[in-house]
Amino acid sequence: MSSQPTENDGPIIPMPSLTPDALREAVAHIVPSRLPELNRHLARAATNAQRTSSLGPVRAFTLHWGAIVNIERWPQRAARFHACQERAADPLADPEEARSAAAEVGRILRVASEELES
């Protein structure tokens, strides 16, 4: 995966394929601080897939991290996502603002996930 020149509202990287290796490479490039989390999640998914003789856990892993990458590769969307996460988790925030921020987090995740299907 190579970086493409970006405009202010363009993606940092193209959307990778939904494979563990491609998602790991993307996370290492755009949010390297989350790489240990991805590796732990992948290890759990592989163990659960083996234990259950099902690819379901690996599929859930790829969909989850695909949505995360799809959010993080767009700087403006990522900034909005993180700002809403912080607001929703802020114990001093107005309860209505916190609920609104949590709803926005959900909307961003939903849109990012839906984009994987198209």
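Me: Is Gly-66 buried or exposed?
Reply: In this predicted model, Gly-66 lies in helix α3. Its relative accessible area is 0%, and a residue counts as buried when that value is under 20%. Gly-66 is therefore buried.

Me: Which residues does Gly-66 touch, not counting those up to four places away in sequence?
Reply: Contact here requires heavy atoms within 4.5 Å. With residues up to four places away in sequence left out, the partners of Gly-66 are Met-15, Leu-18, Leu-23 and Leu-116.

Me: Against which helices do the buried residues of α5 pack?
Reply: Helix α5 covers residues 95–117 and reaches 34 Å from its first C-alpha to its last, close to the 33 Å expected at 1.5 Å a residue. Its buried residues are Ala-98, Ala-101, Glu-104, Val-105, Ile-108, Ala-112 and Leu-116. These buried residues pack against α3 and α4.

Me: Are helices α2 and α3 roughly parallel or roughly antiparallel?
Reply: The axes of α2, residues 35–52, and α3, residues 56–72, come within 7 Å and cross at roughly 155°. Angles over 145 degrees count as roughly antiparallel. It follows that α2 is, relative to α3, roughly antiparallel.

Me: How do the residues of the contact of α2 with α3 divide into nonpolar, polar and charged?
Reply: On the α2 side the contact involves Glu-37, Leu-38, His-41, Leu-42, Ala-45, Asn-48, Ala-49 and Thr-52, and these meet Pro-57, Val-58, Phe-61, His-64 and Trp-65 in α3. Sorted by type, the residues of this contact come to 8 nonpolar, 4 polar and 1 charged.

Me: Which residues does Ala-49 touch, not counting those up to four places away in sequence?
Reply: Ala-49 is found in helix α2, and at 10% relative accessibility it counts as buried. The C-alpha atoms of Ala-49 and Cys-84, 35 residues apart along the chain, are separated by 33 Å. Not counting residues up to four places away in sequence, Ala-49 touches Ser-54, Pro-57 and Val-58.

Me: What is the value of phi for Ser-53?
Reply: Ser-53 lies in the loop between α2 and α3, and with a relative accessible area of 70% it is exposed. Most residues other than glycine have a negative phi. For Ser-53, a residue other than glycine, phi is positive, near 55°.

Me: Read along the sequence, which pattern does the protein chain follow?
Reply: The protein chain holds 5 helices and 0 strands. Read along the sequence, its pattern is α-α-α-α-α.

Me: What share of the contacts with a separation of 6 or more comes from residues 24 or more positions apart?
Reply: The C-alpha trace of the protein chain spans about 45 × 35 × 30 Å along its principal axes, and of its 118 residues 33% count as buried. The accessible surface comes to about 7,200 Å², of which 53% belongs to carbon and sulfur atoms. Among contacts with a separation of 6 or more, the share from residues 24 or more positions apart is 54%.

Technical notes: Residues are numbered from 1 along each chain as its sequence is written. This is a predicted model: local features need pLDDT of at least 70, side-chain atom pairs count only at pLDDT 80 or more; totals for chains, interfaces and linings use all residues. Side-chain values use heavy atoms; hydrogens and water are left out. Axes are lines fitted to C-alpha atoms, for helices over the stretch in contact, and angles run from 0 to 180 degrees between N-to-C directions. Helices (H or I, at least four residues) and strands (E, at least two) are DSSP runs, numbered from the N terminus. Angles under 35 degrees count as roughly parallel, over 145 as roughly antiparallel, 65 to 115 as roughly perpendicular and the rest as oblique. Ala, Val, Leu, Ile, Met, Phe, Trp, Tyr, Cys and Pro count as nonpolar, Asp, Glu, Lys and Arg as charged, and the others, Gly among them, as polar. Buried means under 20% relative accessible area, exposed over 50%, partly exposed in between (1.4 Å probe, protein chains only). Accessible areas come from the Shrake-Rupley method with a 1.4 Å probe; for residues, only the protein chains shown count as cover. The expected span of a helix is 1.5 Å times one less than its number of residues.
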